[in-house]
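Reader: Let us go through the terms used for this protein. I want each label set against its definition.

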Amino acid sequence: MASLLGTALLALVLSGPAVAFAPIGGGSSTHISMTGTALLQTVTETCRAVAEAAGHEFKPTGSSPEELVQACLGPRATGDVSGAKFHSALQEIYIQNGLVDRDFVNSAPHHFNSEAFQEGRLLIMEGMVSIKASVRSKNFKAARETLGRVLHTLQDFYSHSNWVELGYTEPYASLIRPDLPLENLAGVDLATCSDCGSGSCPNPILPNILEEKILTSGYMGIFSDAKPKGKCSHGGEGDLTGEAVPRGGISKDERRPDNVVLHDTAVNIATAASLQLLEDIRLAAGDNDFLTMMGIARSSVVCFVIDTTGSMLDDIEEARRVVHQLIDLKKGTQDEPSEYIMVPFNDPDFGPTFRTTDPERMKQEISKLRPDGGGDYPEMCLSGLQLALTGAPASSHIYVFTDATAKDIHLKDSIVALIRSTKSTVSFFMTGHGRRNRRSLRASFQDYKDLAVTSGGQAIQVSKGQLSQATEIILDTSTSALVTVLQRDINPGKDAIFPFTLDESLKNITIYITGTSITFTLTNPSGVTQSHAEASGKLGTIQSVGNLRRISLNADKETGNWQIGIQSRDLYTVKITGQSTITFIYDFVEPFEGPHPGYAVLSGRPQAGQPANLMLTAMGRKGPSSIAVEEVGLVTVSSSDSLGGSTLTDMGNGETLVTVDAVPDGEFVVSLRGRDKVSNTEFQRQSTTLMSVSKVNIQAVISSSVEPGEIFKVPFSVISNGPGGIYTVDASNDRKFPMVFPTSLNLVTGEYANSTLTITPPADTPSGTDVTLTIEVKSPGGADDNYIVLRLSVVTKITDFDPPSCEIVSVPYGDCPQDAEVCDLFEWDLVAYITDGNGTGIDSIALRQGIGNFTHGPLSDLIVRAVFRFSCCSRDVEFVAVDKIGNVGKCYHSIEPNAGPALTLSSSLWLCLPVSVYAARL
């Protein structure tokens, strides 16, 4: 732990004055800086451990997340490495951390207010169990969201209690160790504070409380000034109890002249406590899963959704061929996908979801697919796509193979909501069948096209014989550091010229045009042109198949301002992509008020008739500091015009708050222009996911995890600034768990209507299962709608909180030489007995410190015998055992003559007693 606490690497990313325990968007946000510092230090230590285990050096070239990711991936990162996924993972954690101040503003346990110590610790314990269960089930997004909330509650303890005033300088281990008691808590009738009429007394805690080391915290009242007699208040703006005797408060949220030392100490201890919690999560998850949770990955995830009905033989063969080609071409390179996911669908069945990081297992699994069944034409395509969107990480690339319309078309609105929520890209490869109704096929194809356009993907309609040419797009897009330069959807068709800027960092630039009866001319900055009729020209190579034109620009492309002129009276789309580490991530946000105001991410569409706010992080080749953001706008996809009026506010930590005064009525994307400081060239980027505004707004909060077999209530509220009347309500979840909800609500313009949805996971639902719930509300007549996407974690109630224990027996270790120059010629052995007692059983054993190896007996044994052999150069060793629900035990041993007792206790409660240690000459 000392190495983590002492690490200062990457602090520049989160630099800024630590003046307030405030949420995201609150200016100088200590909750963000504490969380970020702890996360980056833990990730750094984990990357170093993984690199050393793999036998390569870990040497970040700088302090940016991009350079950390590059160093962490080591020799695997041979090409461009984007830090976007790492940034996104950090942002998800920061956002959920900040939302505790909005969603649970009046909950004492979430902030350790009002002496709610037992309840606050229970929230932390339940959260840690949920995180570990989610990681074991590979539900990393759910793990990140819970982690953000748990860290907020843990950090607030040190600001809102008198832990610092009592003189403690280390974290309170009992908060993350349920096997340790919470001691010396103030009784409800015990007075704890003196009156502070000025409101700025440095330490109003009563002397007897300090002398007897009694733990208390300030009472907080947002709607009332009531508190028990003699109790401390939280204090500060928004706390009504601060004016009730004893007045004042003990909160160290803000750094004031009268509490500088107390505030700074609280920040330091809260950061150290965050590191301890993260270390526990890391040990339970394992280094590789911990890094995956944090978005450290080679490339994007690729996901295949495949129709397996009887007519799909050729399509399945082509999907199998392209998967094998993708794996063989990109294996061992930076472009190798970090994970493979496959979801088959038929009728009436769909799923299950298969996922693996092993390319050979993906080959084996897709080779098992056989066409069978179907026959009534429409299939369960959208149900399969729903599983893919909820199972794959955000910003994944999903490829759908089908020759049929969607039988479950009622899910289309839910699919749109999931696409917008996850920002994943969906491309459809749809083939025809001579025996089917072609008019129906075209009508249905438009539904797939709508979904593809919304996601920024492609809807490609080809014959079965042409499919192998169309699937080249999969090799283009399943790559690292993929960015979008321009994207348009022109409906109805019209002649148009689309200007775009290509910068020095862009590689492998490809232009995609879908549609019929299309001609075009491409022009570079020097005026050189190439028309649609030139398959191989001065600017690139053109491939045409079905409704797709694919233009691959030559590698020696000229940087600067290009344009493509397209002529067509039919609807068409155009998209320009390339590889570059210059990119951006964003979320639409809304401000919230309270004691700690900030910004919350919108789950649905932004509100019509008012300015839109975006929280945006732009990244360059050496992090956010290596680029300058000059212009951000919202561009309607049906034209080339962007709306002005945006205001950029630097929020620190690489974030920019963008306020757009006039929001388009139609569908739009986010457009960013800026300057790359490395090459001093202008660049252009766009988001892929289409968005639009709505007059409907839905609010809902998931307050806890869900137990299998139990009915879980989800209260939600709906308001509309549009016409009043009967609004339709619909809901779906990706696990098909039973739900009960109202099918309609009677809304009055500008007034909230409240209701409740219930969902019941079956009793046999595995702990760690992630459920994605979508609630949709439509106005009378369906002209307007909005949605909210919620995630629930199903977690079995845990009663085993005790970590595994070890027993070590030692004998003299005098044969290990004192001369360090020859220590590598000698070894010493250690035999340990490890047990989880009456708990869930040992799940894993790992060596954490020391050079050596070990073997162990079956983990299913009640007592597991482990034999360790260490080099005599390793005089201090540590190993850990994790039980099946994630409780972590650590055992430490030293053979240093001056280290005191040969066996010492680690921070976890382990029983460490002598067993068998001896040294031997090699």
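The answers below take the labels in turn.

Author: This is a predicted model, where local features need pLDDT of at least 70, side-chain atom pairs count only at pLDDT 80 or more, and totals for chains, interfaces and linings use all residues. Residues are numbered from 1 along each chain as its sequence is written, and side-chain values use heavy atoms, with hydrogens and water left out.

Reader: What pLDDT does the protein chain average?

Author: The average is 87, and 91% of the residues score at least 70. pLDDT is the predictor's confidence in each residue, from 0 to 100. Over residues 24–29 it is below 50.

Reader: Why is H2 called oblique to H4?

Author: Helix H2 (residues 30–54) and helix H4 (residues 84–103) pack at about 140°, with axes 10 Å apart. Angles under 35 degrees count as roughly parallel, over 145 as roughly antiparallel, 65 to 115 as roughly perpendicular and the rest as oblique. The angle therefore makes H2 oblique to H4.

Reader: How many nonpolar, polar and charged residues has the contact of H2 with H4?

Author: Eight are nonpolar, four are polar and none is charged. Ala, Val, Leu, Ile, Met, Phe, Trp, Tyr, Cys and Pro count as nonpolar, Asp, Glu, Lys and Arg as charged, and the others, Gly among them, as polar. Leu39 in H2 and Phe86 in H4 are among the residues that meet.

Reader: What makes E10 and E11 a pair?

Author: Two strands pair if DSSP finds at least two bridges between them. Three bridges join strand E10 (residues 519–523) to E11, and the two run antiparallel.

How values were computed: Helices (H or I, at least four residues) and strands (E, at least two) are DSSP runs, numbered from the N terminus. Contact means heavy atoms within 4.5 Å. Axes are lines fitted to C-alpha atoms, for helices over the stretch in contact, and angles run from 0 to 180 degrees between N-to-C directions.
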